[in-house]
Amino acid sequence: HVGARERRNDDVNPQDAVIQALSEKVDQLTAQMTAQSSEIADLKSRLDNDEAAVGFMVKFSSTDIHDLGHGQTLKYDSIATNEGNGYSPATGYFTAPSAGTYAFYMNVAHHQDETNRCTEIELLKGSTRLTRADACNNWLSTGSSMAVVVLDVGDTVHVQLLFG
């Protein structure tokens, strides 16, 4: 009887080793799944925060603008789009509602008059010029410019008249 019992113990030991290895693998996979579930939840949260669209398109309601002074912030009064409510027609400022990379495009038109002056505008982040555009000395000339800039929450961007 002793010989048979020893054989059975020998047979059980390899099975115990397999069970132990499988148990360790299950523990490892469970830990990986827990970590991945946490990462997925974090990514979903970040995606939800990024889904808030930000963008605006504004212009003057009149095409004949007069009496603007040098250095005056342009306050566009016709708002086609203001997703994220970043643009304020009262101040003429766009305030970044979230941190990110923003693209700004501006266009200016100038009707020739007796002074033959140009119209020049600039785009500023705070008080720092990002770009400028001008239109000069033709019956109807236009100029445009674009800037891509990284903004933090609360940073402001506005268009200012240089001359015209």
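The following is a conversation about a predicted model of a protein chain.

Reader: What does the secondary structure of the protein chain come to?

Author: In this predicted model, the chain has 1 helix and 8 strands. Read from the N terminus, the order of elements is α-β-β-β-β-β-β-β-β.

Reader: And how many of the residues count as buried?

Author: Of the 164 residues, 22% are buried. The chain exposes about 11,500 Å², and carbon and sulfur atoms supply 51% of that area.

Reader: Which strands form the open sheet, and in what order?

Author: The sheet has 4 strands in the order S3-S8-S5-S6, with antiparallel pairing. S3 and S6 stand at the edges with a single partner strand each, so one side of each has no neighbour in the sheet. On average, neighbouring strands here are turned by 20 degrees against each other, with direction ignored.

Reader: How many bridges join S3 to S8?

Author: Strand S3, residues 93–95, is joined to S8 by 3 bridges, and the two run antiparallel. Within that pairing, Tyr93 stands opposite His158 of S8.

Reader: Over how many bridges do S5 and S8 pair?

Author: S5 and S8 pair over 6 bridges, in the antiparallel sense. Glu122 faces Gln160 of S8, and Lys125 stands opposite Val157 of S8.

Reader: Is S8 mostly covered or mostly exposed?

Author: S8 is mostly covered, as 6 of its 8 residues are buried.

Reader: Turning to the largest nonpolar core, which residues touch the most other members?

Author: That core has 19 residues, and those that touch the most other members are Phe104, Ile121, Leu123, Leu151 and Val159. The elements giving two or more residues to this core are S4 (100–111), S5 (118–125), S6 (128–136), S7 (140–151) and S8 (156–163).

Reader: Which of these gives the most to this core?

Author: S4 does, with 4 residues.

Reader: What share of the contacts join residues at least 24 apart?

Author: Among contacts between residues at least 6 apart in sequence, the share joining residues at least 24 apart is 64%.

Technical notes
Residues are numbered from 1 along each chain as its sequence is written. This is a predicted model: local features need pLDDT of at least 70, side-chain atom pairs count only at pLDDT 80 or more; totals for chains, interfaces and linings use all residues. Side-chain values use heavy atoms; hydrogens and water are left out. A nonpolar core is a set of buried Ala, Val, Leu, Ile, Met, Phe, Trp, Tyr and Cys residues joined through side-chain atoms within 4.5 Å. Buried means under 20% relative accessible area, exposed over 50%, partly exposed in between (1.4 Å probe, protein chains only). Contact means heavy atoms within 4.5 Å. Accessible areas come from the Shrake-Rupley method with a 1.4 Å probe; for residues, only the protein chains shown count as cover. Two strands pair if DSSP finds at least two bridges between them. Axes are lines fitted to C-alpha atoms, for helices over the stretch in contact, and angles run from 0 to 180 degrees between N-to-C directions.
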